[in-house]
Amino acid sequence: MNHQSVAFKNTQFPFPPHLHYSTPIPSRLLFPFSLHPNKTITKSPYSAFSCRGFHTPLLNHPSCSFHSSNATKPAAVKTVDVATLGNLCVDIVLNVPKLPPPSPDSRKAFMEQLSSSPPDKQYWEAGGNCNMAIAAARLGLKCVAIGHVGNEIYGKFLEDVLQAEGIGMVGMSEETDVLNAPSSSYETLLCWVLVDPLQKHGFCSRADFSKEPAFSWMNTLSEEVKRAIKRSRILFCNGYDFDELSPHMIISAVEYAVEVGTSVFFDPGPRGKSLLSGTAEEQKALKHFLRMSDVLLLTSDEAESLTGLVDPILAGQELLRKGNRTKWVVVKMGPKGSILITKSGITCASAFKVKIMDTVGCGDSFVAAIAYGFIHNIPLVTTLAFANAVGAATAMGCGAGRNVATLKQVVELMETPDLNEDDKFWNELLREHLDSQEVTFLSKMVLNGSNGRMKHVTMQKVVSELLPKLKSSQLEGTLSS
């Protein structure tokens, strides 16, 4: 999803005069943040699930009885739908008079000044992979967040947020890891999201000022982490994992997931391009992800940077060709929609027309819906339409974390769908592919006849098939609304 600036509420936070700067720092625009963290969450019926650190409720959902035809059937019982790996952080969103300059020393001093006195909790929000986990839990999937948080106020905040959303948490660190780690490197990772009066954004994190991952002291996967991966249907990883975990740790997690029959989802995000030119270990880990993932999720720009191919369909097919296990390549096309590429065909769905408030968190919400379709073996065009709807529903709000879309909002959007159809764009993109593969396309209405190998599926058909299932989930009270 492309980021769009939005008007935020003014935030009062004291800054010493010498920390008022004028030059914007490079920002990680797709990093999740929120300005409205105090949303009331309605807890749903749950079953007890014991995780490290606290006793967490996990949502009851019929997905427990589903087995994806897309994944290898493991010997282990899969009691969790989605496990996220790493990238657990607290986003602190502040309106500032001026953004700090780009020099690392100035930015570090600025961040240390911010950290010296924690701002009020109203400016805190769960970030990173918490976004995907919360979005998936609100769709009724059982989720576990695997990662590290410190034993301080920020770590407790993340634990409380995840627990309130019915998401289990499994800590990654062993006792020996903690003993050998410097105290500062054991703290919860913070992401300072700074917004100036012109709505320009800046990002500061301690991960920016170290050549080593934030939690480079982690050496091995604990037995508890392995159990969590083993009992999960999907292990979700993204490029920001490399900011926290060593390439060795990440590869270990992926290899173990493959070994125990857990499907791997990978979204390289903006980090994908830098990993291509990163250290030898980072390049090796990236190539391993691209070979061993069951589902790859990328924007069209990210697909181009990884393959050198401008055509997103050709790029997706290239990633499929090079992958050992890859079944789906999903390309996010921003306001145009999305494409799902398999070895047997191409599926396209236009985006929904909505009033966009903030695109932060849309990509994470989109991924959650793709996971839902993958687990339940939902038709590909229906899965894409659903993912577009979930992403669009999040875009209608402000921020990510606890502000991602609820299923109630998604259902309301799908009941009165309005697709942003751009026939010229799709015709030009698909023209060269119609002769080689079957193309399935989501349409507003029934079209007479067919266009070569183009198969049209109406939005009405998708809605009639999907809404009863989604409404049933709502009636059962299996998600926050």
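Predicted model: local features only at pLDDT ≥ 70, side-chain atom pairs only at ≥ 80, totals over all residues.
1. Start with the cores. In soluble globular proteins, nonpolar side chains tend to be buried together. Here the largest nonpolar core holds 83 residues. Within this core, F386 and M414 have the most contacts.

2. Strands of a sheet pair through backbone hydrogen bonds, either parallel or antiparallel. This open sheet has 4 strands, in the order 5-4-8-9, and the pairing is mixed. Strand 5 (124-128) and strand 9 (201-204) stand at the edges. Each has a single partner strand, so one side of each is left without a neighbour in the sheet. On average, neighbouring strands of this sheet are turned by 30° against each other, direction ignored.

3. Follow one pair. Strand 4 (residues 88-95) and strand 5 run antiparallel, and 5 bridges join them. Where does L88 find its bridge partner in strand 5? The partner is G128.

4. Finish with the helices. Helix 2 (residues 130-138) lies across strand 4 and strand 5. Helix 2 runs at about 95° to strand 5. Helix 3 (residues 153-164) packs on the sheet as well, touching strand 4, strand 5 and strand 8 (189-195). The direction of helix 3 makes about 75° with that of strand 5.

Terms used:
Residues numbered from 1 in each chain as written. Heavy atoms only, no water. Core = buried A, V, L, I, M, F, W, Y, C linked by side-chain atoms within 4.5 Å. Buried < 20%, exposed > 50% of the residue type's maximum accessible area, 1.4 Å probe, protein only. Pairing = 2+ DSSP bridges. Helix = DSSP H or I, 4+ residues; strand = E, 2+ residues; numbered from the N terminus. Axes fitted to C-alpha atoms, helices over the stretch in contact; angles between N-to-C directions. Contact = heavy atoms within 4.5 Å.
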